[in-house]
Amino acid sequence: MVQQVTTSGLNTRVDCVEDRSGASQELAAPAGRLEGRAKFYNGKRQFGFIVDRSSKEYFFNSDHFRGAAPLAGAIVEFNAVQGSKGIGARNVVVI
């Protein structure tokens, strides 16, 4: 399945497939990574949200970032992925 994700006025193609549980998995990185700011991260529950320049929110959890967890306000790069519960962030890296 191919999802068209529009962020900051740019169209980004994301190729993903849903497994039997309904969760999406990214097959190919979109043409270009997105940039945003970590809105918050709950270390105890291991999830958070990223906000891009157009105020669109992306969910991520501890499996979706590389390196240290992004603290609130940190600028991050990520790939957008359409999941069964909405749009999410994968391969999150603090820059």
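**Aromatic rings**

I began with the rings and found that Phe40, Phe47, Phe49 and Phe59 form one aromatic cluster, where rings of Phe, Tyr and Trp (its six-membered ring) pair if their centres lie within 6.5 Å, and planes under 30 degrees apart count as stacked, over 60 as edge-to-face and the rest as tilted. I note here that the model is predicted, that local features need pLDDT of at least 70 and side-chain atom pairs count only at pLDDT 80 or more, while totals for chains, interfaces and linings use all residues. Residues are numbered from 1 along each chain as its sequence is written, and side-chain values use heavy atoms, with hydrogens and water left out.

The structure holds nine aromatic pairs. I looked up the pair of Phe40 and Phe47, which is edge-to-face, with 5.7 Å centre to centre and 85° between the planes. Phe47 and Phe59 form a stacked pair, for which I noted 6.1 Å centre to centre and 25° between the planes. Phe47 lies in strand S5 and Phe59 in strand S6 (residues 57-61), so this pair ties together parts that are 12 residues apart in sequence; strands (E, at least two residues) and helices (H or I, at least four) are DSSP runs, numbered from the N terminus.

I used the limits of under 20% relative accessible area for buried, over 50% for exposed and in between for partly exposed (1.4 Å probe, protein chains only).

**Strand pairing**

I then turned to the strands, where two strands pair if DSSP finds at least two bridges between them. Strand S4 (residues 34-42) pairs with strand S5 (residues 47-52) in the antiparallel sense over six bridges, and Arg37 has Val51 in S5 as its bridge partner. S4 and S5 form a hairpin with four residues between them, and Gln46 in the turn has a positive phi of about 60°.

S4 also pairs with strand S7 (residues 75-83), antiparallel and over four bridges, with Phe78 in S7 as the bridge partner of Leu34. S7 in turn runs antiparallel to S8, to which seven bridges join it, and Val81 has Gly88 in S8 as its bridge partner. I recorded two residues between S7 and S8 in the hairpin that they form.

Asn79 lies in strand S7 and is buried, with a relative accessible area of 3%. What joins the side chains of Asn79 and Arg33? I found a polar contact of 2.8 Å between them, a polar contact being a pair of N or O atoms within 3.5 Å, of which, within protein, one must be able to donate a hydrogen and the other to accept it, and residues adjacent in sequence count only if both atoms are side-chain atoms.
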